[in-house]
Amino acid sequence: MKRDKIIFYVATSLLTLMMLFSVSMYFFNHDEISTAFTSFGYPTYLIYPYGIIKLIGILVLWLPGLKTLKEWAYSGFFFAFVLAFFAHYMISDGEHMGALMALMLLSVSYIFYKRIN
């Protein structure tokens with residue numbers, strides 16, 4: 001049980017760091033992210049709401065209880081990472097590995113969240 005908790009906390013912490021880096025880019029390096037969103041064909045007005053939703057998702061993953069919201073947060077991140085992977089892959093900008101790493105960390109976090117609960 002202790003090993004499972006350690007793996008969960010390490011995976012979730014690394015995922016949190018990746019998401020906080022991503023959110024900080026959204027809020028503090030808006031011009032670069034705007035260019036990236038435009039190259040994907042996404043509207044730039046989604047940048048700030050998407051950053052806020054990522055913060056809320058990470059917060060839900062760390063708060064105790066909230067089992068239904070955690071499931072929604074995990075599924076939301078899953079779809080976001082899969083779509084990010086394919087978006088980066090399709091425009092061949094070489095950034096798809098970050099989304100793949102996030103997807104792997106999310107999977108490990110979810111599997112061990114289920115094991116410890």
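Select Phe-86 to begin: at 44% relative accessibility, Phe-86 counts as partly exposed (buried means under 20% relative accessible area, exposed over 50%, partly exposed in between, with a 1.4 Å probe and protein chains only). The model is predicted: local features need pLDDT of at least 70, side-chain atom pairs count only at pLDDT 80 or more, and totals for chains, interfaces and linings use all residues. Residues are numbered from 1 along each chain as its sequence is written, and side-chain values use heavy atoms, with hydrogens and water left out.

Now go to the aromatic pairs. A search of the whole structure finds 14 of them; rings of Phe, Tyr and Trp (its six-membered ring) pair if their centres lie within 6.5 Å, and planes under 30 degrees apart count as stacked, over 60 as edge-to-face and the rest as tilted.

Select Tyr-9 and Trp-62. Their ring centres are 6.0 Å apart and their planes are at 10°, so this pair is stacked. Tyr-9 belongs to helix α1 (residues 2-28) and Trp-62 to helix α3 (residues 47-62), so the pair ties together parts that are 53 residues apart in sequence. Helices (H or I, at least four residues) are DSSP runs, numbered from the N terminus. Tyr-9 is partly exposed at 42% relative accessibility, and Trp-62 is partly exposed at 34%.

Then select Phe-8, Tyr-9, Trp-62, Tyr-74, Tyr-110 and Tyr-113, which form one aromatic cluster.

Next, show α1 and α3 together. They pack at an angle of about 160°, with their axes 9 Å apart; axes are lines fitted to C-alpha atoms, for helices over the stretch in contact, and angles run from 0 to 180 degrees between N-to-C directions. The two helices are therefore roughly antiparallel to each other (over 145 degrees; under 35 counts as roughly parallel, 65 to 115 as roughly perpendicular and the rest as oblique). Residues making the contact (heavy atoms within 4.5 Å) include Thr-12, Leu-15, Met-19 and Val-23 of α1 and Tyr-48, Ile-52, Leu-55 and Ile-58 of α3.

Last, select Ser-109. Where does Ser-109 sit? Its place is in helix α5 (residues 96-116). Ser-109 is buried, with a relative accessible area of 0%. Not counting residues up to four places away in sequence, Ser-109 touches Phe-8, Ala-11, Thr-12 and Tyr-74.
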